[in-house]
Amino acid sequence: MTRETMTHSAEETISFGRTLSELLTPPKLVLLRGDLGAGKTTLVKGIAAGFAAAEEEDVTSPTFTLVHEYRGPRANLYHIDLYRVDTPRELEMLGLDDLRSDNSILLIEWGEKFARLLRGCDVEISLERDGETGRRIRIIG
């Protein structure tokens, strides 16, 4: 399945993320692709709100902590940022396999850096800038 949509503001991207709670039934490993500032974390704000796992304003980029956990009644979300992870050894040290369970959704930014994650992903979401505030969002899987 491939689905594509356009959003024209951060609010629309968050709103679209909320709708993805129907598509992303656990367990799922989701790769989020896009350049810096493409809106990956903005989309996760909506996904977390859609699962009632976090308020939008409580979702922040895990660039330095690498993993943020948001627990909801239907799923536990793990927002993971691998931008600063460079080697398979560093990836293994994160213990991502330990986060996988029947009610977990792993939302991984920069996961395409690692072939193992590319092979194991259930859904891939790519975000591209379209002008100043527009985003083209493509979902595959």
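Which residues does Glu112 touch, not counting residues up to four places away in sequence? I put this to the model, which is a predicted one, and I noted that Glu112 touches Leu31, Leu32, Arg33 and Leu118 once those sequence neighbours are set aside.

**Entry on Glu112.** I looked up its place and found Glu112 in the loop between β5 and α5. I then checked its accessibility, and because the relative value is 23%, I wrote Glu112 down as partly exposed.

**Entry on Leu118.** Leaving aside neighbours within four places in sequence, I found Leu118 in contact with Leu31, Arg33, Glu112 and Glu124. I also looked up Leu118 and Leu29, which are 89 residues apart in sequence and 9.7 Å apart in space, C-alpha to C-alpha.

**Entry on aromatic rings.** I searched the whole structure and found one aromatic pair. The ring centres of Tyr83 and Trp110 are 5.1 Å apart and the planes stand at 55 degrees, so I recorded the pair as tilted. The pair links distant parts of the chain, with Tyr83 in the loop between β4 (76-81) and α3 (88-94) and Trp110, 27 residues apart from it, in the loop between β5 (104-109) and α5 (115-120). Are these two residues buried or exposed? I noted Tyr83 as partly exposed because its relative accessibility is 38%, whereas Trp110, at 14%, counts as buried.

How values were computed. Residues are numbered from 1 along each chain as its sequence is written. This is a predicted model: local features need pLDDT of at least 70, side-chain atom pairs count only at pLDDT 80 or more; totals for chains, interfaces and linings use all residues. Side-chain values use heavy atoms; hydrogens and water are left out. Rings of Phe, Tyr and Trp (its six-membered ring) pair if their centres lie within 6.5 Å; planes under 30 degrees apart count as stacked, over 60 as edge-to-face and the rest as tilted. Helices (H or I, at least four residues) and strands (E, at least two) are DSSP runs, numbered from the N terminus. Buried means under 20% relative accessible area, exposed over 50%, partly exposed in between (1.4 Å probe, protein chains only). Contact means heavy atoms within 4.5 Å.
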